Amino acid sequence: MTASSFTPRVFSGIQPSGGLTLGNYLGALKRFVDMQEANTHECVFCVVDLHAITVWQDPEALTRQTREIAAAFIAAGIDPSRSILFNQSQAPEHAQLGWLFSCVARMGWMRRMTQWKDKAGKNSEEASLGLFAYPALMAADILVHHATHVPVGEDQKQHLELTSDIAAKFNHDYGVDFFPITEPVIGGPAARVMSLRDGTKKMSKSDPSDMSRINLSDDADAIAQKFRKARTDPEPLPDSYENLKDRPEARNLVDILAALQGRTPEDVMGEVAGQGWGQFKPHLAEVAVETMGPITGEMNRLLADPEEIDRILGEGAQRASEIAAPILDRTFDIMGIVRRA
Ligand code: TYM
């Protein structure tokens, strides 16, 4: 079955495992808002708390971070009356389908996941079973909503390929055409925002150096300082984007500016060609502060009323379950699992 036979539906999620970075904002959140505004798809967005606990989370921090991510979604422009916004654990169908998919996915598929290899490292015997099974739950998040489109950053591509493998194996094993083969929506200048200290590593909330990333919670001074100190080569900006090919740190900063302004990097280069870093970096910082300042401000305003955030998440979970429950029921039927009459 192709994605076109299903209701056009977007699903995506963010882990409440720490604060958000500029990478999360440009690679994910901002694009979620664009998809909501395009009005071509039903949109379902999720704070994936069950994924976060695959590594240790302090309980109080998890509660706070779950509300923070929910507030960030809303502050960035997700409207909970038009899109569904909830935290994963409140719609139990996700975990239920996650278990069923743990029985469909193969050990070998999971072992090949680069995120598993990176996160478990040399100490994989000590990693949680949940961390290993992580991609089966992610496939369940997407497929329990029969989502057709999944906007994510480049780092999630392999997990989406695995989601398609699980859907295809389920459909094949049970001789049905039930789960859609979903389409990853990856692209644009911010598909992989890189570290400000090393242009070959992605910007990440888990990088030990805070100077490597812009946090959504950074104030104007911190943003300016981090861009000023961002690693670059000594050359000024060239006359075309093509000529940034072998200059990863320089290209990253141009990509960030383009993504912040919703322009193509080629277009941005038309304006900044020939500039030195002393001119370009303060300009970039100014644009970043202008874009992110209001979002951070709105986030803090929303966080002053945690009960309202919890109410929004609860209502969103109810709506998510309305979509997911019949899909899960049908999955149980297909598998021959006897249900309560
Ligand atoms: P997470 O929480 O690590 O990141 C959330 C989103 O931000 C994107 N992202 C980036 N994009 C560009 N440049 C970067 N440096 C960067 N860093 C992070 C991620 O690609 C992601 O889109 N497994 C997912 C959460 C998840 C999910 C899902 C996503 C669980 N279930 C179902 C989509 C559909 C994750 O860990 O994202």
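This is a predicted model: local features need pLDDT of at least 70, side-chain atom pairs count only at pLDDT 80 or more; totals for chains, interfaces and linings use all residues.
The shell around the ligand comprises 13 nonpolar, nine polar and four charged residues, where Ala, Val, Leu, Ile, Met, Phe, Trp, Tyr, Cys and Pro count as nonpolar, Asp, Glu, Lys and Arg as charged, and the others, Gly among them, as polar. Residues are numbered from 1 along each chain as its sequence is written, and side-chain values use heavy atoms, with hydrogens and water left out.

Of the 26 residues around the ligand, those that come nearest are Gln15, Tyr134, Asp141, Asp155 and Val193; a residue is near a molecule if one of its heavy atoms lies within 4 Å of it. Polar contacts are pairs of N or O atoms within 3.5 Å; within protein, one atom must be able to donate a hydrogen and the other to accept it, and residues adjacent in sequence count only if both atoms are side-chain atoms. A polar side-chain atom of aspartate 155 is placed 2.4 Å from an oxygen atom of the ligand. A polar backbone atom of glycine 153 lies 2.8 Å from an oxygen atom of the ligand, and a nitrogen atom of the ligand is 2.9 Å from a backbone N or O atom of methionine 203. The ligand taken alone exposes 710 Å², of which the protein buries 97%; accessible areas come from the Shrake-Rupley method with a 1.4 Å probe, and for residues only the protein chains shown count as cover.

Two or more residues of the shell around the ligand are given by each of β1 (9–14), α1 (22–38) and α7 (129–143). Helices (H or I, at least four residues) and strands (E, at least two) are DSSP runs, numbered from the N terminus.

Two residues other than glycine show a positive phi. Asparagine 39, in the loop between α1 and β2 (42–47), has a phi near 60°. Asparagine 39 is exposed, with a relative accessible area of 61%; the classes are buried under 20%, exposed over 50% and partly exposed in between (1.4 Å probe, protein chains only). Histidine 146 has a positive phi of about 45° and is located in the loop between α7 and β4 (149–151). With a relative accessibility of 10%, histidine 146 counts as buried. Most residues other than glycine have a negative phi.

Three further residues were examined. Glutamate 290, in helix α12 (residues 277–303), is exposed because its relative accessible area is 54%. Lysine 202 belongs to the loop between β5 (183–185) and α9 (220–229) and counts as partly exposed at 31% relative accessibility. From lysine 202 to arginine 213, 11 residues apart in sequence, the C-alpha to C-alpha distance is 9.3 Å. Phenylalanine 179, in the loop between α8 (157–174) and β5, is buried, with a relative accessible area of 0%. The C-alpha atoms of phenylalanine 179 and glutamine 65 are separated by 32 Å, the two residues being 114 apart along the chain.
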